[in-house]
Structures are given as structure tokens and as C-alpha cells.
Amino acid sequence: MNGRAARTADLGALSDCAHEVAAAFVSLASDIAVVVDGKGVVTGVALSAAAPLPAGAEDWVGRPWTDTVTGGTRRKIELMLADVALTGVARRREVNLPADEGEIPVAYTALRLGSRGPVIAVGRDLREVAASQQRFLDVQQQMERSYWRARQLESRYRQLFQLASDAAMTVEAQSQRVVEANHAAARLFDSHDGPLAGAVTLALFEPASRPGIQQLLDEVLAGGRPGEAAALTASGEPVSVSATPFRARDGMRLLLRLRALSGGAKASGDLSLALARLVDTTRDGIVVTGPDGHIAVANPAFVAMVGVASDSQLRGRALSDWLGRIPGDVPALIAGVHGHGLAQLVRTQLRPESGHAPIDVDVAAALISDGDPECFGFTLRECAPATPAAERRRRRLDDAMAALETSLDDPDVPRADLLLQAQRLAQGHLAECALDRCGSDVQAAAALLGIDAKELADLQNLPDLKSPRREPAPAPPATDTPDA
């Protein structure tokens, strides 16, 4: 007999009072104690009143101990019986007891009373321990979810702010031609010869940088994950190029953001933190929505714009509750961004709470793709005061409309002529506005109005509008008559 068995041999004197010893164990430091004979059959059960185990535990007497646990843990009971037969003690093992409400986890330790005496197995109910462990895991997981939500929120803010201030363009994956580019990209690539749309992406960079850009595009498309590289533009401007893949309605595209590195690039971590702080201090309103247009996050500037107390009053509500001249404005913006990755500045109205007057705003929108479910970002900037040319247009329009209204009181003016003059007046005014907004670019202004350049030219050549009075009929030609 080894040393451990020798130390338990003296307990043989307790064999005759094994049931009393089991009850003592339960009353002092356990929840259940089972007395088992040499054949592994239960001869007695003692239960603690403080932590009641299955009501049928008293009926275990006469049954094999292995039958009192679930099938998946019977092997552990067999191993305990083998250990206690060999050494006199068995190490702690966790088993499950069947119960009406499910399974009850119990940790058993076994001890043999003497070399031929019965075995006493003392068990602790682990339900409270398991519940505490589960609560700990739940809290830990909640903390991790909150941490990653905060990181994702910062990432969305940062990407949206970068998109508002950085050059950005979308590239068709197969042809690798530019589909659309914002004004910052046009300035970066000095696009005076025409719009960037349709340009070959690699041609925008100097020859030595093209292999690196090509590798970036290939890796991003193959791996489906964002990437970044440094390059020189065709004009020699050092830039950082980040590419993010996304799926548009007509196939895969890439959203490219380009940040000038003139004067030395800052560390990416410092830049990210600086941009994240700028989001909360910028005067531009910044909003992130889901694909349904409902607000997920909004920065303090947007909260102030709409006139609510905090961003919690905005979350979950539709952005179209405040933005758009008509209900379809925001869905149309989202549809455009979904297809192209970004949307150029669109002028619309923001309607604050509490009946305040609407605010004219320029809106830029972008698809944010950082591994999350699809979401969209919007930046809103209050429009600058009207230019002198716009003021002159407005006054001219007001004067012409006043003349038309005066003509309504003249019965000699045909109403059909009034309607035709009003139509021409509106067309001419819209043509001037479009040209002004597009910097006198006839092609861009025509595209903005949905017409061709010739139609726009016809609108520019409309005659000055005057009050459409009916001219008196010409007098009949005089005829010579003989003198009386």
C-alpha cells in the first residue's frame, strides 16, 4: 500500500458510522454526500437544506452510483471509483445530475473509510459558481462589444471626415477607370482639361509609382480588405492612397482616398486621433446612417443645426425628418452613393426643430465600408451667402414675376401667353443658376439640368421677358380719295 493509502487506513474505525460521517460533511462544508459500498452501489445520501439538489436524490439508495449522473459524465464516476479503490482517495471531478429543470453541475471528491470500508463522496453544487462565471463572461463580452462599437464609431467618423476633406474618387474594378471624383480630387490632379471621370487610374500617377498602385488595387480586390500605399501624382505631388472595395449595382468598385503628404506625413495613429477630434469640433454637420437612412451617430454640429438637446434624440430616426426639400431627397442620395461610392455636393434644405426657418445646406455623401454592415456618411455645410450675381438674378426674377402678376389684371392679355412667359422665365433662371453653380461649364450645367448643351444654349438665348400685353392691331393702309 502506498503512502496515501496508509494515511487513510486509520479511517477504518469510522466504517460503521459512514452515514453519520456523511451527514457531518454535509452540515459542515458541502451540499451532498453519497455513501457507496465496495460494488459502487449507493447505500446512503445526505443533503444540505441550504442548497437542495434533485428531490429524488433520496431514492438513489440501492442504485449504482454511475446511474445517478447524466450519461456524459458516468465515465468520471467510474474513474473516481477506480482511484479510490487504488489509493483511498479520488481527486475532484465535475459531473452533472439530471433534474426536472435541466442538469445540475456538481463537483465530487471521494474518500474511502479504511482499506475495505465504504466510500464517501462529498459534492458541492456548482450552479452559483457557474452563474457567476457566466455573469463574468457576459460582462466581459459586453465590455468587448462596447469597446469595438466605440472603435467602429471612431473609424466611421474618421473616414467620413477624411472623405469630406480629402480627394476621393471611385474606380471601376475591371477597367480601373475613374467613375466619379470629388472637387478635391480634381484640384489634386489639376484637372483643367476635363473631368476625371473616364480617366485611367494609373495614368494619374507618375510612371515609377504605377506598379505600386497596381499592386494595391490587385491586393484590395483579391483580399476584399482595405489597403494603403504611398505614391506620386503625375505632377509630382506625394500622396497617401487608401483603397476600399465595395459592391455597386453594376459590379465591384474601389473607393480611393488620396491625402497629400507635402511637408512630411504624420504618423497614422496621430493623424487618426487628430481627425477623430476634428469631427467633434468641426462646424460641418456629420451624420452616419444605416441603409434605411436612419441615424446611427451624429456629431455636435449636426445636433446644433437641428436644434435638439443631444444626439440621443436623433438616433434611430430617419435623416429625411430634417433633410431634403422633398421626402425623396435622402433616399435618392443613398441610392446614388450605393451605386457610385460617393455623391458630389447637393444643395438642399435642413429643417430644424421648433419651427425655425429652413437652412440651405450643401450635402456630400459617401459609402463607409470598414467591415461593418453597410452604412452611409453625410457631411452638411451651411451654404455661403448669395453672390452678387445670384442677388441680381433673384431681383430680376422678382421683377419679372411682378410684371406677370400685374398682367393678370389686364383682360387684354391672353392667359396662354402668361403661362408661356412664366415657363420661359423659369427655364432661363434655372439655366443661369446651373451655369453659375458649375463655374460656367456648359457641359456640366447641362448634365445638372438633364438636358444637352444645345438645349442649354437655347435657354441662354431667351429674349428679355416683358409684360405680355396685346399690341393694338395695325391700322388699315390709307387709301386716296378724290377731293370733295
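Helix 3 (residues 74-87) lies across strand 1 (32-36), strand 3, strand 4 and strand 5, and runs at about 155 degrees to strand 3. Here helices (H or I, at least four residues) and strands (E, at least two) are DSSP runs numbered from the N terminus, while axes are lines fitted to C-alpha atoms, for helices over the stretch in contact, with angles running from 0 to 180 degrees between N-to-C directions. The model is a predicted one, in which local features need pLDDT of at least 70 and side-chain atom pairs count only at pLDDT 80 or more, whereas totals for chains, interfaces and linings use all residues. Residues are numbered from 1 along each chain as its sequence is written, and side-chain values use heavy atoms, with hydrogens and water left out.

The strands that helix 3 lies across belong to an open sheet of five strands in the order 2-1-5-4-3, with antiparallel pairing; two strands are taken to pair if DSSP finds at least two bridges between them. Strand 2 (42-47) and strand 3 (89-99) are the edge strands, each pairing on one side only, and the twist from one strand to the next averages 25 degrees. Within this sheet, strand 4 (residues 102-112) and strand 5 (residues 119-125) are joined in the antiparallel sense by seven bridges, and Tyr-108 stands opposite Gly-123 in strand 5.

Strand 9 (residues 238-248) is mostly covered, since nine of its eleven residues are buried, where buried means under 20% relative accessible area, exposed over 50% and partly exposed in between (1.4 Å probe, protein chains only).

Val-171 is buried, with a relative accessible area of 0%.

Two packed helices are described by the angle between their axes and the distance between the axes. Helix 11 (residues 415-437) and helix 12 (residues 442-449) pack at an angle of about 125 degrees, with their axes 8 Å apart. Helix 11 is therefore oblique to helix 12, given that angles under 35 degrees count as roughly parallel, over 145 as roughly antiparallel, 65 to 115 as roughly perpendicular and the rest as oblique. The contact is made by Leu-430, Ala-431, Ala-434, Leu-435 and Arg-437 of helix 11 together with Val-442, Ala-445, Leu-448 and Leu-449 of helix 12.

Taken as a whole, the chain holds 13 helices and 15 strands, and buried residues make up 39% of its 484 residues.

Definitions and conventions
Contact = heavy atoms within 4.5 Å.
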